[in-house]
Amino acid sequence: MITYLALGVFLAGAVALASVFILASQVARRGPTPYPEVASRAYRVRLFWFFALGGILSAVLLSALPYAPYANLRLASGPAAMHVDVTASQYLWSLQGSVQSGGKVDFAVTSMDVNHGFGVYDPSGHLIGQVQAMPGYTNHLILQFPAEGDYVIRCLEYCGPGHSSMYMTMHVSKCQSGCCC
Amino acid sequence: MRLAQASGGNLFSSDVFYEVMSIHGSGMVAIGLMAGAALLWHLVSDEIELSVNVNRAVFLLTLTGMLLILAAVMVFGYSSAWTFLYPLPEHPGSGIATANVGAASYLTGLALVVVGFLLWCVDFIRAGLKRCGSLQRLLGLYVFSEPGHGHDDHTDHTTTQPSLIAGTVVAILGLEACLIGALIVIFMLTSLVFPSLTISALVAKNMIYFAGHTLANLQIYVAAGIAYAVLPAYTKRPWRLSRALVAGWLATLAIVMLAFFHHLYQDFAQPEAVQWVGNVASYAAAIPPMTVTIYGGLVQVWRSGIRWSAAALFTFMAMAGWAIGGFGAVIDSTIALNQFLHNTLWVPAHFHTYMALGVMFFIIGAAYHLMPSLTGRHLSEKVGRRAAVMMTVGGYVLVLAWYISGSMSAPRRYMYPLQGTEIFAWIAVAGALVALTGAIMIFKDLVETFLAAPHLNLPEPELAPKQA
């Protein structure tokens with residue numbers, strides 16, 4: 001799960017940042033040292049820190065580019081094998097079309113009333129993709145289902161007091177020959 | 001809310017749960033921003049002559065707006081969240097008969113708060129221009145051309161200060177956000193009366209998030225202005241103007257206006273190029289704070305011999321909250337990750353880290369700093385330090401539980417925890433209770449100190465500019 005990697009990176013970064021602050025608070029007791037002396041050294045380090053931070057962020061941005069969820073990227077390797085029309089309304093999902101494991105599925109998502117969020121959870125409860133369901137627009141979410149099973153559609157955009165109860169089960173059946181990949 | 005959520009949604013009805021959520025979001029954004037603006041006003045009142053009358057009007061508008069928002073929620077059952085995504089207020093889906101009246105009351109209240117902050121922004125820029133003569137000087141652009149820019153020249157009253165630069169950037173961005181915010185709020189109010197009048201949901205969402213994201217973000221920037229004034233009082237070191245500081249704030253001015261697009265990553269109807277602009281801007285927005293203000297705060301403290309009074313402690317820890325929460329925000333603003341984190345508990349986790357453990361700490365630190373000059377009495381240092389520990393420990397336990405739940409795909413704004421995240425929901429409750437206890441200790445001390453104050457050194461229209 002990529003989100004656990006994100007959590008690990010966050011925790012490592014948070015601990016590193018907290019350590020810097022704790023260190024600074026402890027070193028503060030060793031003063032007072034004349035400020036110009038501290039500042040001139042610190043601002044030389046800052047230049048390095050500026051370029052390091054800029055470099056890290058640029059590298060992450062570039063390396064993450066191919067993993068964006070947008071349709072043109074996901075359809076670059078071939079068209080969708082299945083198509084499902086999804087219509088959201090307070091507090092129901094309506095899906096037209098069937099889904100089988102393996103091939104790309106094009107979910108065409110819209111809303112009858114307010115903004116909703118079409119979130120797809122795998123059988124183990126992990127979010128595998130989402131897109132907003134908006135009145136007046138049709139958003140295309142391209143997903144692939146590695147295995148058959150019962151997936152859960154949850155609303156991921158606050159849509160009124162019934163928001164938490166807006167979910168349904170979507171069965172993904174086993175790939176039949178010729179329908180996928 | 002945490003208790004209601006952890007208990008599986010059995011404590012309140014869904015209407016009440018989302019009414020509480022709506023008032024929490026709206027109230028904290030409005031109070032955080034206005035409290036920060038008021039503190040910055042007081043802290044820079046030696047430098048620029050802000051109008052007491054305008055600020056009284058700002059206070060009255062904010063107060064009236066908040067009362068209307070309270071009435072909208074508590075009397076008329078408004079529950080469409082502080083984000084009021086169009087057309088939700090028109091179709092609240094709550095079954096409450098007065099919900100439309102609630103929406104009108106909420107939007108009117110919001111409009112008053114927005115107009116109030118807009119007035120503050122106009123007055124700040126006016127007062128700054130009166131001192132410095134031009135916007136370029138007020139923003140400190142002269143540091144790139146004039147020698148000796150790093151030294152404060154107290155004989156030249158046309159020079160600017162770090163707090164003034166922060167306030168000016170906040171005021172410029174605030175003007176833009178308030179104008180766009182006022183436009184969409186007025187449109188939605190009109191649309192309530194004339195439902196045939198419609199607007200594209202995507203355009204409305206862009207306008208709402210431009211205003212909402214920017215105003216929420218300005219809390220941290222106004223707080224930075226506060227830090228520039230408060231921290232040096234304890235480190236006994238000046239926070240000087242520098243080319244890096246001016247460049248950082250100019251970059252912030254340009255970048256923050258574009259970062260809000262990250263709220264719309266999952267709106268695939270938005271042009272894709274705009275999504276990437278959002279990603280780049282969100283990353284870039286992290287650089288000025290991490291290399292100028294937060295870094296500068298660490299340098300201020302380093303080997304300074306500072307005595308960790310409550311004011312210094314809260315201000316310093318606020319910078320840590322800003323840095324850690326900002327890191328969580330950068331992760332969420334990565335498009336490839338946002339598809340799995342958007343609208344999960346990761347989102348409230350990161351913004352509570354830099355709001356509750358950042359902005360609120362800056363405000364509390366400034367309150368400890370200003371109480372002696374405002375009331376002639378000090379807040380209790382003992383209470384302050386104990387509360388700081390409780391709020392820090394409780395606060396980080398709370399947000400950590402959310403980060404973990406978010407990484408496990410638990411949605412935000414749900415009445416119940418998803419299977420597997422129940423334990424973290426209860427841990428969040430425990431953390432919130434500890435943090436709340438610390439906050440109540442400070443609030444009690446604050447009220448008692450105000451009530452026992454021999455005098456209240458509040459500004460009068462004629463005397464306001466030069467009061468310490």
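Tutor: Domain bounds here come from an automatic or database domain assignment. On that basis chain A is divided into domain 1, residues 2-67, and domain 2, residues 71-173, with 39 Å between the two centres, taken over C-alpha atoms. The model is predicted: local features need pLDDT of at least 70, side-chain atom pairs count only at pLDDT 80 or more, and totals for chains, interfaces and linings use all residues. Residues are numbered from 1 along each chain as its sequence is written, while chains are lettered from A and ligands numbered from 1 in the order in which they are written.

The model scores ipTM 0.95 and pTM 0.94. For chain B the average pLDDT (the predictor's confidence in each residue, from 0 to 100) is 92, and 96% of the residues score at least 70. Residues 463-468 of chain B stay under 50, and for them the model has 11 contacts beyond four places in sequence; a contact requires C-beta atoms, placed from the backbone, within 7 Å.

Helices (H or I, at least four residues) and strands (E, at least two) are DSSP runs numbered from the N terminus. Helix H2(B), residues 14-43, packs against helix H12(B), residues 346-375, at about 35 degrees, and their axes lie 11 Å apart. Axes are lines fitted to C-alpha atoms, for helices over the stretch in contact, with angles from 0 to 180 degrees between N-to-C directions. The crossing of H2(B) and H12(B) is left-handed, that is, the near helix is turned anticlockwise from the far one by less than a right angle. From H2(B), Gly32(B), Ala35(B), Gly36(B), Leu39(B) and His42(B) meet Met355(B), Val359(B), Ile363(B), Ala366(B) and Leu370(B) of H12(B). This contact has seven nonpolar, three polar and no charged residues; Ala, Val, Leu, Ile, Met, Phe, Trp, Tyr, Cys and Pro count as nonpolar, Asp, Glu, Lys and Arg as charged, and the others, Gly among them, as polar.

Between the chains, the contact takes 66 residues from chain B and 68 from chain A. The largest share, 11 residues, comes from H9(B). That side of chain B divides into 38 nonpolar, 22 polar and six charged residues.

Methods
Two residues are in contact if their C-beta atoms, placed from the backbone, lie within 7 Å.
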